[in-house]
Amino acid sequence: QVQLIETGGGLVQAGGSLRLSCAASKRPFNDYIMGWFRQAPGKEREIVASITWNDDSTINVDPAEGRIGISRDNAKSTVYLQMNSLKLEDTGVYYCAARVPWGSRFEYWGQGTQVTVST
């Protein structure tokens with residue numbers, strides 16, 4: 001069982017930045033592929049980004065804009081989501097998730113952290 005705890009959410013003005021953190025209880029942390037998801041009000045949950053144990057990352061939201069980045073520190077069992085140039089549509093609950101490399105779905109989830117982008 002992996003416990004995930006997200007921190008770093010909050011209220012930010014459009015154009016600002018936030019860095020979310022997700023600390024995992026399970027070791028070795030680098031066994032897992034880590035992902036960030038979000039769910040906006042009235043919308044389905046979507047994947048924002050994911051990263052493998054060796055820093056192979058995929059950005060699923062606005063990949064061409066380069067404003068979202070994911071990174072991990074295996075020594076600290078922590079994964080980060082850096083979001084810059086925040087937009088109103090980035091508002092939502094952000095969830096950290098983990099899966100084993102041979103799995104097809106993310107099976108461990110954090111409780112979520114609220115991100116609200118205002119004008």
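Tyr-108 counts as buried because its relative accessibility is 16%, where buried means under 20% relative accessible area, exposed over 50% and partly exposed in between, with a 1.4 Å probe and protein chains only. This is a predicted model, in which local features need pLDDT of at least 70 and side-chain atom pairs count only at pLDDT 80 or more, while totals for chains, interfaces and linings use all residues. Residues are numbered from 1 along each chain as its sequence is written, and side-chain values use heavy atoms, with hydrogens and water left out.

**Aromatic pairs**

- The structure holds three aromatic pairs, a pair being rings of Phe, Tyr and Trp (its six-membered ring) whose centres lie within 6.5 Å, with planes under 30 degrees apart counted as stacked, over 60 as edge-to-face and the rest as tilted.
- One of them joins Tyr-32 and Tyr-108, and it is edge-to-face because the ring centres are 6.1 Å apart and the planes stand at 85 degrees.
- This pair links distant parts of the chain, 76 residues apart, since Tyr-32 is in the loop between β3 (18–24) and β4 (33–39) and Tyr-108 is in strand β10 (residues 108–109); strands (E, at least two residues) are DSSP runs numbered from the N terminus.
- Tyr-32 also counts as buried, at 9% relative accessibility.
- Phe-37 and Trp-109 make a tilted pair, because their ring centres are 4.7 Å apart and their planes are at 55 degrees.
- With Phe-37 in strand β4 and Trp-109 in strand β10, the pair ties together parts that are 72 residues apart in sequence.
- Phe-37 is buried at 10% relative accessibility, whereas Trp-109 is partly exposed, with a relative accessible area of 29%.

**Cluster and charges over rings**

- One aromatic cluster is formed by Phe-37, Phe-106 and Trp-109.
- The charged end of Arg-45 sits over the ring of Trp-109, 3.9 Å from its centre, a charge being counted in this way if NZ of Lys or CZ of Arg is within 6 Å of the ring centre and within 35 degrees of the ring normal.
- Arg-99 lies over the face of Phe-106, at 5.6 Å from the ring centre.

**Positive phi**

- Most residues other than glycine have a negative phi.
- Asp-62 has a positive phi, near 45 degrees, and is placed in the loop between β6 (57–59) and β7 (68–73), where Asp-62 is partly exposed with a relative accessible area of 26%.
- Ser-77 has a positive phi near 55 degrees and lies in the loop between β7 and β8 (78–83), and Ser-77 counts as buried at 1% relative accessibility.

Notes. Helices (H or I, at least four residues) and strands (E, at least two) are DSSP runs, numbered from the N terminus.
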